[in-house]
Amino acid sequence: ELLYNGKNLIKEGLQPNFWRALTDNDVANNHLERCGIWKFAGKNAKLQSIDLKEDSNKQLATVTVNYKLEAQESTLQTVYQVRPNGAVKVSMHFVPGNKSLPEMPRLGMRMILPAEYDVMTWLGRGPQENYADRKTGYPIGLYTATVWEQFHPYVRAQETGNKTDVRWVALRNKAGEGLLITGEEPLNVSAWNFPLEDIDYVAFNTERRHGGSIMKKDMIWLNIDHRHMGVGGDNTWGAQVHPEYTITPHEWKYSFTLAPLAPEDDAAEQAHK
């Protein structure tokens, strides 16, 4: 929970996530077979320990959570530093073992907010979706749109809505209350009115999902990523994403801060602080 003025800003807490809904290019280049080990890596992470330390001098509570990614023979640590003003600094630290692993589709965390926080403002690239290898035509600026407007209904539902080089993003309700996420370094961010599973690839012999059939749900799914691999597109019959736009599973660390926003708060000013 993250309570602010008696309201909980979090419907489901942060979880590590290494998977993205397959693009048409991913399907064609056997991404699912090659990288499938990452699909449930976050969901299947085995909790090893939780440790709480309180520092009254610094007015800081630190929660350290250690996980084992058994199939990947890797470890993951998340650290939450909670301050009295409601701000929570989140740090994620991934360390691989000796097992040979394929590239990661994404490296980050996701959470679910109540549906009312559907006005998204971000300082980063936009206004349309953009990715590591498809972003030069999207200038860095200050943009605002609803979460539903982030979704592009591709003929076959797939990955959509990512924003690169995001310094901060705010999700607010109509009254202006909400949540501010500020990266220690630029983030990849996306927000949807449905879970990732709704737009992920379904094999040919079962249900096919048309982008126009995706329904708005009572939720905001928020991806807060350190890295998100490129989408490729040299051709659509097997070419892989160029190596410089993929995520090699070596040791990775990143941090961001969650903070509540009041209606009178200027998100840019708060992020700068």
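Analyst: Accessible areas come from the Shrake-Rupley method with a 1.4 Å probe, and for residues only the protein chains shown count as cover. Here the protein exposes about 13,000 Å², of which carbon and sulfur atoms supply 50%. This is a predicted model, in which local features need pLDDT of at least 70, side-chain atom pairs count only at pLDDT 80 or more, and totals for chains, interfaces and linings use all residues. Residues are numbered from 1 along each chain as its sequence is written, and side-chain values use heavy atoms, with hydrogens and water left out.

User: How many of the 273 residues, as a percentage, count as buried?

Analyst: Buried means under 20% relative accessible area, exposed over 50%, and partly exposed in between (1.4 Å probe, protein chains only). In this protein, 52% of the 273 residues are buried.

User: Which residues have the most contacts inside the largest nonpolar core?

Analyst: A nonpolar core is a set of buried Ala, Val, Leu, Ile, Met, Phe, Trp, Tyr and Cys residues joined through side-chain atoms within 4.5 Å. The largest one here has 62 residues, and Phe18 and Phe256 have the most contacts inside it. Strand E12 (residues 178–192) gives the largest share of this core, six residues; strands (E, at least two residues) and helices (H or I, at least four) are DSSP runs numbered from the N terminus. Apart from this core lies another, of six residues, including Ala170 and Leu180.

User: How many helices and strands are there in the protein?

Analyst: The protein has three helices and 14 strands.
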